[in-house]
Amino acid sequence: MGIGKLESFLENHIEGFFNKKFSSDLEPVELSKALEKEIARQGKGKPRRKVPNQYVFFLAKEDYQRLCARRIMDELYAVAEKQVILQDYIMPGKLTVLCQADGEKQRGTFELKARFTEEETPAKTCEEPHTLVLAKPKLGSQQPLNLPQEVKITSLKVVEGPDMDAYLEFGEGQIYIGRREKNDFILTDTKASRLHAWIAYENHRHVLYDAQSTNGTYVNGEPVESLCLCSGDEIQIGTTVLLYEVI
């Protein structure tokens, strides 16, 4: 069996497995590609399929010391979030991307394993914009190295209407849309309500909710009360059309 066929066999028959055998230094882009491939494999191309929420890279000690940095882990975290949206999957629970040193791995090789670790997160409710609920940290507690800062993974852009080219990038936070000044995306469209719609982050997908607006909210020409967004969807609010995309 050739190397290509053997690698394909392993990927299709061993859970979360990827092992790349090169003598050269391992690069972050190789980890990113493996993560994209693994998420796609887990979802099997089926829309709204649940995929694992924990991904662990097992690296040679030399590669672990060089690659297990906060910046790289944040990039891998964003890769996973974007792939879930692009592939139209659902990821229940809190996403974690980890690296572990493996003394049996040779330099330039790695293994990727995936698993489910938590139940799916409950749907969020519409709360007042910019209201934060903070948990008091325990004495002596430290933020885990693998917990990433919020990464901007998607955007909204006005492609039609009075606020042409208005643009917002966002990640896991809730986004409020409408005419009032407290909103995250402020519209001047007179056909838009003061609080017209909002976007929540549920199971690592952005879900659009109509906020009982006067003129309704539409996605790709259809009226919606709530909808899980896909990259490329067009949201119509009044005479305004916003394009939702993975960036």
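Residues are numbered from 1 along each chain as its sequence is written, and because the model is predicted, local features need pLDDT of at least 70 and side-chain atom pairs count only at pLDDT 80 or more, whereas totals for chains, interfaces and linings use all residues. Side-chain values rest on heavy atoms, with hydrogens and water left out.

The protein contains 4 helices and 14 strands, where helices (H or I, at least four residues) and strands (E, at least two) are DSSP runs numbered from the N terminus. Of its 247 residues, 45% count as buried, a class that requires under 20% relative accessible area, with exposed meaning over 50% and partly exposed lying in between (1.4 Å probe, protein chains only). Among the contacts in the protein with a separation of 6 or more, 64% are accounted for by residues 24 or more positions apart, contact being defined as heavy atoms within 4.5 Å.

Strand 1 (residues 54-59) runs parallel to strand 2, to which it is joined by 6 bridges, and the bridge partner of F57 in strand 2 is C99.

The crossing of helix 2 and helix 4 is right-handed, a term applied if the near helix is turned clockwise from the far one by less than a right angle, with anticlockwise giving left-handed. On the side of helix 2, P28, L31, S32, L35, E36 and I39 take part, and they meet I72, L76, V79, A80 and Q83 in helix 4. By class, this contact of helix 2 with helix 4 has 8 nonpolar, 2 polar and 1 charged residues, where Ala, Val, Leu, Ile, Met, Phe, Trp, Tyr, Cys and Pro count as nonpolar, Asp, Glu, Lys and Arg as charged, and the others, Gly among them, as polar.

M91 lies in the loop between helix 4 and strand 2 and counts as buried at 0% relative accessibility. Leaving aside neighbours within four places in sequence, M91 is in contact with V51, P52, N53, Y55, V84, N203 and H204. The C-alpha atoms of M91 and R205 are separated by 7.9 Å, although the two residues are 114 residues apart along the chain.

A further open sheet, of 5 strands, has the order 7-6-8-9-12 and mixed pairing. Strand 7 and strand 12 (226-228) stand at its edges, each with a single partner strand, so one side of each is left without a neighbour in the sheet. Strand 9 (residues 205-210) pairs with strand 12 in the antiparallel sense over 3 bridges, and Y209 has S226 of strand 12 as its bridge partner. Strand 6 is joined to strand 8 (residues 197-202) by 3 bridges in an antiparallel arrangement, in which I175 is partnered by I199, whereas 2 bridges join strand 6 to strand 7 in parallel, with I177 opposite F185. Both faces of strand 6 are covered, as I175 and I177 on one side and Y176 and G178 on the other are all buried.

The loop between strand 6 (175-178) and strand 7 (185-186) holds R180, which is buried with a relative accessible area of 16%. R180 and L195 are 15 residues apart in sequence and 6.6 Å apart in space, C-alpha to C-alpha. N183 is also placed in the loop between strand 6 and strand 7 and is buried, with a relative accessible area of 5%. Residues up to four places away in sequence not being counted, N183 touches Y176, I177, G178, R194 and L195.

Key
Pairing = 2+ DSSP bridges.
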